[in-house]
Amino acid sequence: VPAVLDRGTATFPDLPAGQSTVGRRLALARWIADPNNPLTARVWVNRVWQRLFGRGLVDTASNFGPSGSRPTHPQLLDYLAAEFVRGGWRLKSLQRQMVLSNTYRQGSRIVARNAEADPDNRLLWRYGPRRLQGEEIRDAVLAASGSLNETMYGPAVKVRIPPKVISTGATAKWPIVEREGPEHWRRSVYVFSKRSMRLPLFEGFDVPTSAQSCERRQTTTVATQALQLLNGELVAEHSQRLAALVLAQAGDDVAKQVEIAYWRTLSRAPTSAEQNLAMQFLEARTEKRDSTAALEDLCHVLFNLNEFVYLH
């Protein structure tokens, strides 16, 4: 290994004559994960923190060198790294420690005095709102409509992509899916990833290309994101499925329909003002369409709320 990184713990024996391997890769792995190597644990902890909070204790997740960012909380980073190694490098224990902390469980309410002193929330005085990533938005829509296929393992699935998008690829090897079914509604981690054929929803919501590594995803706000949630086939179809699910549970009780729709999409009950507004919406839409179509429209509206696509 480079001399500047070696503290005398790495030993790579020469290859004896007549043998094909001597275990050098295993020796390298042991050196990387050696408890005396502080860098590996710090990088792991920072990546997990970044995943939970949207930004790491070190902004430059792939650069802990002199040209990278300084940690905002160096003592916290060292403490978590030491606990991570002491706990046997178990990620679940590390994540549990973070999500049960007061820092993670803070609200997102803005306090004017704090915002003036620390507008970028570098001191972690609140939990900054975080928009769901493209894969999470798709999974949330499927889960809310009761359609998410939780089957684990197995090959990736090729979901529906508009034929016009398929025709722009270098080779048209993506199947034409007229209508999706349960076999397509698996979690997004199982969606087939092809560099020349990206799912429009993922591309629109900043899912990075697989052609190169990405240390931290960027979050943009552009008009096409709203258009995808308003006009996309996935959201439209699962608004219908959510409405059917709500009708099956609430029947003709309009107030109950609104309450169930809110719980399934926003994980909370509607306020009195929201309840009244939603019922007025359903009444107005029923005059132009039937009651089922009006409920589908309400579900479509809920899928398009900021509260649905943001964590607060």
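Visitor: Where does Y104 lie?
Guide: Y104 is in the loop between α4 (91-99) and α5 (112-117). Keep in mind as we go that this is a predicted model.

Visitor: Which residues is Y104 in contact with, leaving aside its neighbours within four places in sequence?
Guide: They are L52, F53, M98, V99 and Y127.

Visitor: How far apart are Y104 and F53, in sequence and in space?
Guide: In sequence they are 51 residues apart, and in space 7.6 Å, C-alpha to C-alpha.

Visitor: And what is the relative accessible area of Y104?
Guide: The value is 26%, so Y104 counts as partly exposed.

Visitor: Switching to charges: how many salt bridges does a search of the whole structure find?
Guide: The search finds 16. One of them pairs R42 with D78, with the closest N and O atoms 2.8 Å apart.

Visitor: Which helices do R42 and D78 lie in?
Guide: R42 belongs to helix α2 (residues 38-53) and D78 to helix α3 (residues 74-86), so this pair ties together parts that are 36 residues apart in sequence. As for accessibility, R42 is partly exposed at 28%, and D78 is partly exposed at 35%.

Visitor: Which residue forms a salt bridge with R285?
Guide: That would be D297, and the closest N and O atoms of the pair are 2.9 Å apart. Because D297 lies in helix α13 (residues 291-303) and R285 in helix α12 (residues 272-288), the bridge ties together parts 12 residues apart in sequence.

Visitor: Is D297 buried or exposed?
Guide: D297 is buried, with a relative accessible area of 15%, while R285 is partly exposed at 26%.

Visitor: Which residues do salt bridges that share partners join into one network?
Guide: R160, R179, E233 and E237 are joined that way. There is also a bridge between R268 and E274, whose closest N and O atoms are 2.9 Å apart. E274 is partly exposed, at 23% relative accessible area.

Visitor: Now the nonpolar side. How many residues has the largest nonpolar core?
Guide: That core has 40 residues, and L295, L298 and F303 have the most contacts inside it. Helices that each supply at least two of its residues include α10 (233-250), α11 (254-266), α12 and α13. In soluble globular proteins, nonpolar side chains tend to be buried together.

Visitor: What is L298 in contact with, leaving aside its neighbours within four places in sequence?
Guide: Its contacts are V258, A278, F281 and L282.

Visitor: How many residues are in the other core, the one lying apart?
Guide: That core has 16 residues, among them V45, V58, A81 and Y127.

Visitor: Which residues form a nonpolar patch on the surface?
Guide: V1, F12, L28 and I32 do, with about 280 Å² of accessible area together. F12 sits in the segment before α1 (24-32), and F12 is partly exposed with a relative accessible area of 30%.

Note on methods: Residues are numbered from 1 along each chain as its sequence is written. This is a predicted model: local features need pLDDT of at least 70, side-chain atom pairs count only at pLDDT 80 or more; totals for chains, interfaces and linings use all residues. Side-chain values use heavy atoms; hydrogens and water are left out. A salt bridge is a side-chain nitrogen of Lys or Arg within 4 Å of a carboxyl oxygen of Asp or Glu. Helices (H or I, at least four residues) and strands (E, at least two) are DSSP runs, numbered from the N terminus. Buried means under 20% relative accessible area, exposed over 50%, partly exposed in between (1.4 Å probe, protein chains only). A nonpolar core is a set of buried Ala, Val, Leu, Ile, Met, Phe, Trp, Tyr and Cys residues joined through side-chain atoms within 4.5 Å. Contact means heavy atoms within 4.5 Å. Patches are made of residues with over 30% relative accessible area and no salt bridge: like charges are joined within 9 Å, nonpolar side chains (Val, Leu, Ile, Met, Phe, Trp, Tyr) within 5 Å. Accessible areas come from the Shrake-Rupley method with a 1.4 Å probe; for residues, only the protein chains shown count as cover.
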